[in-house]
Each structure stands twice: as structure tokens, then as C-alpha cells.
Amino acid sequence: MHFFEFTEEQTMLRKAVREFVEAEIAPKAAEWDEKDECPVGLFKAMGGIGINGVFVPEQYGGGGMGFVGRSICLEEISRHSAGLGIAMMTHHLGIYPILQYGSEEQKKKYLPDFCSGAKIAGLAVTEPGGGSDFSGQKTLAEKKDGGWVLNGRKCFITNSHIADVTILTAKTGEDEKGRNKLSTFLIEKEAKGFEPGRKEHKLGLRGSVTGDLVLSDVKLAEDALVGKEGAGAKIGMEGIGEVGRAGMSAICVGILRGCVEEAVKFANERIVYGKPIAKLQAIQLEVAKIRTAYEAARLLTYYAASLKDNGKPCSNEVATAKYYSTEAAVEASKRTMDLMGGYGVINEYPVGRFLRDALASIPSGGTSHIMQVIMAANTLSSFQA
Ligand SMILES: Cc1cc2nc3c(=O)[nH]c(=O)nc-3n(C[C@H](O)[C@H](O)[C@H](O)COP(=O)(O)OP(=O)(O)OC[C@H]3O[C@@H](n4cnc5c(N)ncnc54)[C@H](O)[C@@H]3O)c2cc1C
């Protein structure tokens with residue numbers, strides 16, 4: 001990708017996804033939000049047009065469109081349903097460790113089904129002891145009888161109750177300084193002792209399932225490991241740091257575009273003093289601020305995704321994009337509500353949902369505090385203009 005330009009292929013992808021979203025997602029997004037219902041059945045249709053495996057190479061049934069392509073899909077879905085956006089983004093997050101670190105057998109066995117929508121994936125890292133404390137995980141995987149036995153609890157897990165396959169990190173030992181050694185496991189939903197627990201009742205990103213996963217003496221074969229034993233910290237942090245947060249950023253670009261489009265529509269249609277409020281300079285200033293936020297978030301997000309596609313380090317750029325896009329989406333949806341006067345708080349309009357979805361996007365994948373900690377560390381150690 002050029003810095004500011006999408007390729008012809010990427011433009012065609014956007015057009016195809018947008019047509020699908022406008023027909024299949026936009027009309028039902030408010031209902032999924034109200035009923036907090038995840039449209040699981042839609043995964044096969046989304047697989048059919050190449051969204052599920054958009055960044056997966058064609059040899060495994062994917063679209064080979066990289067992470068810029070993936071951001072396009074998430075932006076388009078989340079323009080209308082950020083709830084479904086995070087369900088899809090987490091499906092991608094479950095796919096990534098297998099694609100990047102899995103054995104050839106794992107890739108051949110799972111990736112085609114993930115791409116087609118026959119199977120749904122998830123990634124479970126967070127525990128009740130604090131999502132920010134990634135290395136402090138307590139879920140334990142012990143070697144027994146040539147396999148593994150896992151015990152513990154994960155919380156706040158997207159797709160918890162709908163995933164057919166979950167990629168999960170667990171403690172498999174300690175290093176010489178007493179720090180946790182983590183490993184990554186692949187667990188199918190049928191595994192004995194592996195159950196979804198409580199389901200969260202969320203403020204936003206409704207229409208995606210978020211809940212606990214409980215592991216009680218779950219026995220896994222030796223080959224349930226994804227990547228090498230002890231590589232869980234690297235695999236988990238790379239997935240969350242480069243794929244999860246990038247996805248949340250793209251979701252918020254979708255919310256921001258929704259704000260621009262809804263603000264323009266309302267400002268042109270609402271007549272006060274006998275003319276559209278779009279003629280009022282105060283309203284024009286709001287539109288300009290919302291537009292600026294959308295353009296800035298979009299540039300940060302697609303730039304970070306293009307670094308990933310080019311095999312360059314990107315966790316700092318992804319953190320920057322996630323921090324900016326999520327916070328900007330909160331502010332822009334509040335501005336859009338203000339611009340709409342009383343109508344802004346009426347649920348017939350989607351902007352209240354945009355605000356709730358944007359607020360829920362801030363902790364998902366790592367809080368704004370953590371994004372700032374990452375950016376500060378990078379800036380203080382190696383800033384170069
Ligand atoms: C909708 C949703 C979906 C999610 N989906 C998934 C998923 O699919 N898989 C998964 O594994 N997890 C998922 N999460 C979990 C998410 O990653 C965590 O919520 C997030 O990492 C924060 O962890 P916590 O909620 O435990 O907050 P805590 O870690 O308990 O943090 C509490 C507060 O302390 C601050 N804080 C913590 N450490 C620091 C620090 N070093 N410096 C400054 N401030 C700090 C935080 O910013 C926050 O304000 C999801 C969360 C949500 C809300």
C-alpha cells in the first residue's frame with residue numbers, strides 16, 4: 001500500500017464488503033445490540049466473501065489480502081456493527097497464532113474451516129488477576145502421561161460461548177528468576193472439563209459474546225501446543241500487540257466514519273430557523289472536528305497495518321493507532337450526539353450505540369493507560385523524527 005492510497009484490489013475488497021455489510025449487517029445491527037445477540041449464522045456468509053480469512057494465504061483457504069485488507073473488512077463491518085466487528089476481529093486473533101506458529105498439520109486441519117466460517121476461533125489470555133498483568137497468569141498446564149493437564153479460569157473472553165477452537169495461554173513453568181514461563185495451547189470446545197462460565201452483560205460491543213472460560217483438569221495431547229513450549233509470552237503478546245489492538249483500532253475507524261456520515265446526514269436534514277443546521281458555523285466546526293478525527297485514526301490504523309504486512313516492527317505504531325482511534329471515537333460520538341440536540345439521545349439513531357461501542361473498545365485488547373505506557377517507553381528509548 002502507498003501511504004495514502006489503497007491498491008485496486010483493496011478498493012475492490014472494500015466495495016464487496018461494503019455491499020455485503022449494507023445488505024446483511026446494517027439493517028439488523030440495532031436489533032443485535034438491543035437483544036445482545038451474536039449473529040453466529042452470519043460467519044459462513046462472511047466466510048463466503050472472504051472476510052474470515054482475509055489475511056490468511058490462499059493455500060490455506062484465505063484471501064491473501066494481508067492486514068490492510070483485514071482492517072478494511074473490520075472498518076466496513078464496524079461502520080454499522082462494532083459488536084460483530086469485535087467477534088470477527090477475535091476470530092482473526094485466534095487464527096493468527098496457528099498461521100504464524102502452528103505446525104503444518106494444525107494449519108491444514110484448522111485454517112480452511114476458519115476461513116470458510118465452518119469453525120469460529122477465539123483467543124483467551126486475560127485472567128481475573130488483571131489483563132494488564134499478562135505475565136502473571138495463573139492458569140496452569142502440567143505435563144502428565146505424555147500430554148497436558150490444564151486448570152484455571154480466563155475472563156473477558158470474546159467468542160467465549162461460540163468459539164469452536166480457542167487458543168489459550170497457560171503457565172508451564174518458571175525461569176531461573178521465578179518468572180512465569182507461558183505456553184500456547186489449542187483447545188477444541190468439546191474438550192472434557194472445558195466450559196464457558198459467566199457471560200458478561202456489557203455496556204457496548206453488544207452482539208458479541210464476552211465471558212469466562214473455565215478449565216478443570218482438561219486433558220490435552222502433546223501436540224495441542226501451538227509453537228514451542230515456553231513461547232507463549234511471545235506468541236500471545238505478538239497476537240494481541242500486532243493483531244488484536246490493530247483490529248480494535250480498525251473497529252473504531254468504522255465507528256468514526258459512522259459519526260461523520262450520521263453527522264452530515266442529520267446536519268443537512270434538520271431544519272432550525274428555517275434552514276438546515278449545516279448552515280450554522282458552530283455545527284460546521286463540530287463536523288470538521290469529527291472529520292479530522294476520522295482521517296487521523298484512519299491514517300494511523302492503515303499505516304500500522306501496512307507495517308505489519310511489510311514484516312516491520314509495529315507494536316508501537318499499533319498502540320498509537322489503538323490509543324488514538326478508541327479515544328477519538330468516544331469524543332466524536334459525543335460530539336455527534338451534541339450536534340443532534342435531543343435526537344442524539346434517542347435510540348432510533350445509532351450514535352448512542354457508537355458511544356457505548358467506543359467506550360467498550362478502550363479496555364478491549366489493552367487499556368489506554370497501557371497503550372500510553374508502550375508509547376512512552378518507545379519514545380523515551382528510541383524516538384527519531
Ligand atoms: C469487550 C471486551 C472484550 C475482550 N476480549 C478479550 C479476549 O477475547 N481475550 C482476552 O484474553 N481478553 C479480552 N479482553 C480483556 C482485556 O484485554 C482486558 O480487559 C484488558 O487487558 C484490561 O485488563 P483488566 O480489565 O483486567 O484491567 P486491569 O489490568 O485490572 O487494569 C485496571 C486499571 O489499572 C490500569 N493499569 C494496569 N496496569 C497498569 C500499568 N502498568 N500502568 C498504568 N496503568 C495500569 C489499567 O489501565 C486500568 O485502568 C476483553 C475485554 C473487553 C472489555
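How far apart do the C-alpha centres of domain 1 and domain 3 lie? They are 20 Å apart, with the domain bounds taken from an automatic or database domain assignment. That assignment gives domain 1 (8-119), domain 2 (123-230) and domain 3 (234-382).

A quick word on the ground rules, friends. This is a predicted model, where local features need pLDDT of at least 70 and side-chain atom pairs count only at pLDDT 80 or more, while totals for chains, interfaces and linings use all residues. Residues are numbered from 1 along each chain as its sequence is written, and side-chain values use heavy atoms, leaving out hydrogens and water.

Now to the interface of domain 1 and domain 3. About 2400 Å² is buried between them, 58% of it from carbon and sulfur atoms; buried area here is the accessible area (1.4 Å probe) that two parts lose on being put together, summed over both. On the domain 1 side, Glu-75, Arg-79 and Tyr-101 supply 29% of the area buried against domain 3, more than any other three residues.

Glu-75 comes up again: it forms a salt bridge with Arg-257, the closest N and O atoms being 2.8 Å apart.

H4 gives the largest share, 12 residues. Thanks, everyone!

Definitions and conventions: Salt bridge = Lys/Arg side-chain N within 4 Å of Asp/Glu carboxyl O. Helix = DSSP H or I, 4+ residues; strand = E, 2+ residues; numbered from the N terminus.
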